Amino acid sequence: MDGHTLLSRRTLCGMLAGAWACAALPAAAQSGGYPAKPIELIVPFAAGGGTDVLARALAESARKHLPQSFVVVNKAGASGGVGWAELVNARPDGYKLAIITVELTMIPHMGLVKFTAADLVPIVRLNADPATIAVRNDSPYKTIEDFIAGARRSAGTVRVGNAGSGSLGHLAAAALEDKTGTRLSHVPYRGASPAVMDLLGGHIEAVAVTPVEVATYVAEGKVRPLAVMADQRIGGNWDQVPTLKERKIDLAVGGWRGLAAPKNTPPEVIAALRSAMAKTLQEPAMKEAMAKQNMGEGYLDEAAFKALIARDSATFKQLIDKLDIKP
């Protein structure tokens, strides 16, 4: 066997081995680098709400850190369940992602969906916020004590809007009922934004949402937050808003928003997204957009985020079971 033949055979073997290795790689890795095309980003709530605001700010700031853009698509319904169901069933190639929220740890326990957080891959937590009770600025309820007293006087008639059955606002208001011995009328919407619009229109007396959903209207003097369900005040132009604990109501209920992919998405795709998101959240424009909306920062990587999701799922299951909350 001459040297030329040996070299040719070695070259051929190398080519075959390379071809075999490429065939074994995920499609995303074979495509010449992820992402090679725009990424659909599902927002599972109506446009204009806090989750939508965060997603659009994220999409804009991420342009510096990803070679392709995010395309934000709103798919509301079932307190996030409609959008997340689409993600669960999507091809795990990194080209369809979704914003996930704390409701993902609630609605499975209410039977609203057939999947759980275990059917998705949490990539990073993007922010964290407490729940708040807010009313119109011309409301007779000037303080949280006024609100609770009004709810006691007219049991079941004070209407409180939320982002849907099983949403953070729904459970936060239910927990407030439990702590104060009151009874409210829970009014579900297809997202926080429609609930806030009905509050502004005078169709409901209050909303239970996160600060970001009403921040613009608070700044404009149209909405008054009565309290935040946090361990401490949140600062910014909300530094005068008390916590429930300050008002002798021992209750803290908080939410979060994060980024997730379908289960079985290739690890290298998850790693690329995690790296890009960590950098994106440090962008001055992103920080400014979040601060403007009173949106709390709260980056967590995949491991810490998974642990938080597990804890919240256990906590909210206990609350849902205790209060017998139904959709």
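Q: Why are helix H3 and helix H10 called roughly antiparallel?
A: In this predicted model, the axes of H3 (residues 50-61) and H10 (residues 284-292) cross at roughly 165 degrees. Angles over 145 degrees count as roughly antiparallel, and H3 and H10 are therefore roughly antiparallel to each other. Their axes come within 9 Å, and H3 passes H10 in a right-handed crossing.

Q: Which residues in H3 and H10 meet?
A: On the H3 side they are Leu54, Ala57, Leu58 and Ser61, and on the H10 side Ala285, Met286, Ala289 and Met290. By class, this contact has 7 nonpolar residues, 1 polar residue and no charged ones.

Q: What makes the buried residues of helix H4 line one face of the helix?
A: The buried residues of H4 (residues 81-88) are Gly81, Gly83, Trp84 and Leu87. Seen down the axis of H4, they fall within an arc of 160 degrees, so they line one face. Their cover includes strands E1 (39-43), E3 (96-101), E4 (120-130) and E10 (254-262).

Q: How do you know whether leucine 184 is buried or exposed?
A: The relative accessible area of leucine 184 is 6%. Buried means under 20%, so leucine 184 is buried. This residue lies in the loop between helix H6 (168-180) and strand E7 (185-188).

Q: What does leucine 184 touch, not counting residues up to four places away in sequence?
A: Leucine 184 touches Phe147, Ala151, Gly156, Val158, Val160, Ala173 and Glu177. Leucine 184 and arginine 159 are 25 residues apart in sequence, and their C-alpha atoms are 6.3 Å apart in space.

Notes: Residues numbered from 1 in each chain as written. Predicted model: local features only at pLDDT ≥ 70, side-chain atom pairs only at ≥ 80, totals over all residues. Heavy atoms only, no water. Axes fitted to C-alpha atoms, helices over the stretch in contact; angles between N-to-C directions. Helix = DSSP H or I, 4+ residues; strand = E, 2+ residues; numbered from the N terminus. Parallel < 35°, antiparallel > 145°, perpendicular 65-115°, else oblique. Left-handed = near helix turned anticlockwise from the far one by under 90°. Contact = heavy atoms within 4.5 Å. Nonpolar A, V, L, I, M, F, W, Y, C, P; charged D, E, K, R; others polar. Buried < 20%, exposed > 50% of the residue type's maximum accessible area, 1.4 Å probe, protein only. Arc of directions from axis to C-beta.
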